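Here is a short briefing to read alongside the sequence and the model. Take a moment to look at both, then work through the notes by topic.

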Amino acid sequence: MLERGVAKPLLLLLGALLLPGAAHAAGKCERLVATGNPEYPPYLWRDPQHPGQLIGATVDLLKAVSEDIGVTIEVIYTGPWSRAQDEVRTGRVDLLAGAFLTLSRLESMDFVHPAFLSTPNVVWVRKGVDFPYSGWADLQGHTGDTLVNNSFGQLFDAYAKDNLTLEGVSSLTQAFQKLLLGRTDYVLYERYPGLALAETLGLQDDLQVLEPPVSREWLHLALSHNSACNDAWLRAQLAKKMTEFRASGLPETLVQRNLQRWKAQQPPPADAPNE
């Protein structure tokens, strides 16, 4: 039998714990660590001032999420895209900041729905050294390049595995260099990140894009199955914020803002006149 002096405070405490969401809120993570493709402007790239951190449109989106749900989200550089995915698979990093949904990734990650942005995946070739192209089948008989562990959607990935000759490299810079040296016939990569890097390298006049895109895929946030922060409360909060942000057009606004940010960070061409 409880004494009267303690019965009321104890009952109030029990009542608070039984309130909807109280248990989840009390146990939620206070800090999430995220990573992603570091060669992915305007979505993600290494901060020139702090190379251990990533910046870009996706980071700005996660900052808005962080402010709204009260969870600190740090987006760090963990190496090339293939290593970033491994860090999330193992749970050493909690969140993958932007990835296409594939069956293999679903084995180790929970994808947040809805996705926050769509992006076209295109065929890059040397200007003047293109080939007849109107669809996937026209890539057969040619050697292509893409990033290790990169994906262009489940359907295209399956087709490429069975029908195409694709080599893998660790960076898009290396892929473009191999293309210009004639060691490959084409590079598969997304249109806007590819254009941003081509302009940075001064290659925009040496490369061209073939139409149509091989696919148009959606970028998702993805939580590691092995993350201690992966719980129902966090998944619900991320889904809610992605729904709100998609409806408001925030991701597209952040992409345009970070395209300008990326360009502003690039050094002028070597032959630019001094002012």
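This is a predicted model: local features need pLDDT of at least 70, side-chain atom pairs count only at pLDDT 80 or more; totals for chains, interfaces and linings use all residues.

The protein has 10 helices and 12 strands, and 46% of its 275 residues count as buried.

**The chain as a whole**

- Contacts between residues at least 6 apart in sequence were examined, and 72% of them join residues at least 24 apart.
- The protein's accessible surface comes to about 13900 Å², and carbon and sulfur atoms account for 53% of that area.

**Helix α3 against helix α10**

- Helix α3 spans residues 57–69 and helix α10 spans residues 250–265; the two pack at an angle of about 135 degrees, with their axes 8 Å apart.
- At that angle, α3 and α10 are therefore oblique to each other, and their crossing is right-handed.
- On the α3 side, the contact is made by Ala 57, Asp 60, Leu 61 and Ala 64, while α10 brings Leu 250, Pro 251, Leu 254, Val 255, Asn 258 and Arg 261.
- By residue type, this contact of α3 with α10 has seven nonpolar, one polar and two charged members.

**Helix α3 against helix α9**

- Helix α3 also packs with helix α9, residues 232–248; here the angle is about 120 degrees and the axes are 10 Å apart.
- This pair, α3 and α9, is therefore oblique too, and the crossing of α3 and α9 is right-handed.
- From α3, the residues in the contact are Leu 61, Ala 64, Val 65, Asp 68 and Ile 69; from α9, they are Trp 233, Leu 234, Gln 237, Leu 238, Lys 241, Met 242 and Phe 245.
- Sorted by type, the contact of α3 with α9 holds nine nonpolar, one polar and two charged residues.

**Thr 58, within α3**

- Thr 58 is found in helix α3 and counts as buried because its relative accessibility is 2%.
- Setting aside neighbours within four places in sequence, Thr 58 is in contact with Tyr 43, Leu 44, Ala 97 and Phe 116.

**Helix α8 and its surroundings**

- Helix α8 covers residues 191–200, and its buried residues are Pro 193, Gly 194, Ala 196, Leu 197 and Ala 198.
- Those buried residues pack against the strands β2 (39–40), β8 (117–126), β11 and β12 (207–224), and also against the helices α7 and α10.
- After α8 comes Gly 202, which has a positive phi near 75 degrees.

**Thr 184, in a loop**

- Thr 184 sits in the loop between α7 (172–180) and β11 (186–190).
- With a relative accessible area of 1%, Thr 184 is buried.
- Leaving out neighbours within four places in sequence, the contacts of Thr 184 are Arg 126, Thr 143, Gly 144, Asp 145, Glu 167, Lys 178 and Leu 179.

**Pro 212, in strand β12**

- Pro 212 lies in strand β12 and is partly exposed, with a relative accessible area of 36%.
- Pro 212 and Pro 120 are 92 residues apart along the chain, and their C-alpha atoms are separated by 9.3 Å.
- Not counting residues up to four places away in sequence, Pro 212 touches Tyr 133 and Ser 134.

Terms used
Residues are numbered from 1 along each chain as its sequence is written. Side-chain values use heavy atoms; hydrogens and water are left out. Helices (H or I, at least four residues) and strands (E, at least two) are DSSP runs, numbered from the N terminus. Buried means under 20% relative accessible area, exposed over 50%, partly exposed in between (1.4 Å probe, protein chains only). Contact means heavy atoms within 4.5 Å. Axes are lines fitted to C-alpha atoms, for helices over the stretch in contact, and angles run from 0 to 180 degrees between N-to-C directions. Angles under 35 degrees count as roughly parallel, over 145 as roughly antiparallel, 65 to 115 as roughly perpendicular and the rest as oblique. A crossing is left-handed if the near helix is turned anticlockwise from the far one by less than a right angle, and right-handed if clockwise. Ala, Val, Leu, Ile, Met, Phe, Trp, Tyr, Cys and Pro count as nonpolar, Asp, Glu, Lys and Arg as charged, and the others, Gly among them, as polar. Accessible areas come from the Shrake-Rupley method with a 1.4 Å probe; for residues, only the protein chains shown count as cover.
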